[in-house]
Amino acid sequence: MKPVTKEQLAGLASLVGATREQEINCSECAVFAAEFAERQLAGLPLDETLAKVEDHLAVCPECREEMLLLRRVLESGN
Ligand SMILES: [Zn+2]
C-alpha cells in the first residue's frame, strides 16, 4: 500500500472545506437575521441563504437567542 501523498491530503482537506462552506457562521447569520425574521413573520418562503440561517439557528443557541430578541422587537413594532 502506497503512503498517502500531500496531494491526497490536500484533496481531502478541500473536500472537508467544501462541506463546511455550505454552512454559515454566527456573523453571517447575524447579517441575514433581520431578513429571516421579517420573512418568517410575514409568512414568506425562505430562499437558499435564509434556509442556511434556519439550519444555523437549529445548531446555535446563541443565535437562536438573538433571533428571539429580534422577533420580539419586530413584533412589538407592528
Ligand atoms: Zn451562531
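Leaving aside neighbours within four places in sequence, which residues is Phe36 in contact with? I looked this up in a predicted model, where local features need pLDDT of at least 70, side-chain atom pairs count only at pLDDT 80 or more, and totals for chains, interfaces and linings use all residues. I number residues from 1 along each chain as its sequence is written.

**Entry 1: the chain**

I find 4 helices and 0 strands in the protein chain. The order from the N terminus is α-α-α-α. For these elements I use DSSP runs numbered from the N terminus, helices being H or I of at least four residues and strands being E of at least two. The protein chain has 78 residues, and 10% of them are buried. I call a residue buried if 20 or more other C-beta atoms lie within 10 Å of its own, exposed if 12 or fewer, and partly exposed in between, with C-beta atoms placed from the backbone. I also checked contacts in the protein chain between residues at least 6 apart in sequence: 64% join residues at least 24 apart. Contact here requires that the C-beta atoms of two residues, placed from the backbone, lie within 7 Å.

**Entry 2: Phe36**

Phe36 is in helix α2. To my opening question: the residues are Leu50 and Val53. Phe36 counts as buried because 24 other C-beta atoms lie within 10 Å. I also noted Ala51, 15 residues along the chain from Phe36, with 8.7 Å between the two C-alpha atoms.

**Entry 3: helix α2**

I next took α2 as a whole. It has 17 residues and reaches 24 Å from its first C-alpha to its last, close to the 24 Å expected at 1.5 Å a residue. The expected span is 1.5 Å times one less than the number of residues. At Phe32, α2 bends by about 50 degrees, the bend being the angle between axes fitted to the seven residues ending there and the seven starting there. Cys29, Ala33, Phe36 and Ala37 are buried in α2. Their cover includes α3 and α4 (61-76). After α2 comes Gly43, with a positive phi near 75 degrees.

**Entry 4: α2 against α3**

How do the axes of α2 and α3 cross? Helix α2 (residues 26-42) and helix α3 (residues 48-59) have axes that come within 9 Å and cross at roughly 105 degrees. I therefore record α2 as roughly perpendicular to α3. The axes are lines fitted to C-alpha atoms, for helices over the stretch in contact, and angles run from 0 to 180 degrees between N-to-C directions. Under 35 degrees counts as roughly parallel, over 145 as roughly antiparallel, 65 to 115 as roughly perpendicular and the rest as oblique.

On the α2 side I list Cys29, Phe32, Ala33, Glu35, Phe36 and Arg39, which meet Thr49, Leu50, Val53 and His56 in α3. The residues of this contact are 6 nonpolar, 2 polar and 2 charged. Nonpolar covers Ala, Val, Leu, Ile, Met, Phe, Trp, Tyr, Cys and Pro, charged covers Asp, Glu, Lys and Arg, and polar the others, Gly among them.

**Entry 5: Glu38 and Leu41**

Two further residues of α2 were looked up, Glu38 and Leu41. Glu38 is partly exposed because it has 13 C-beta neighbours inside 10 Å. Its C-alpha is 8.0 Å from that of Arg71, 33 residues apart along the chain.

Is Leu41 buried or exposed? Leu41 is exposed, since 12 other C-beta atoms lie within 10 Å. Not counting residues up to four places away in sequence, Leu41 touches Arg71, Leu74 and Glu75. The C-alpha atoms of Leu41 and Glu75 are separated by 8.0 Å, with the residues 34 apart along the chain.
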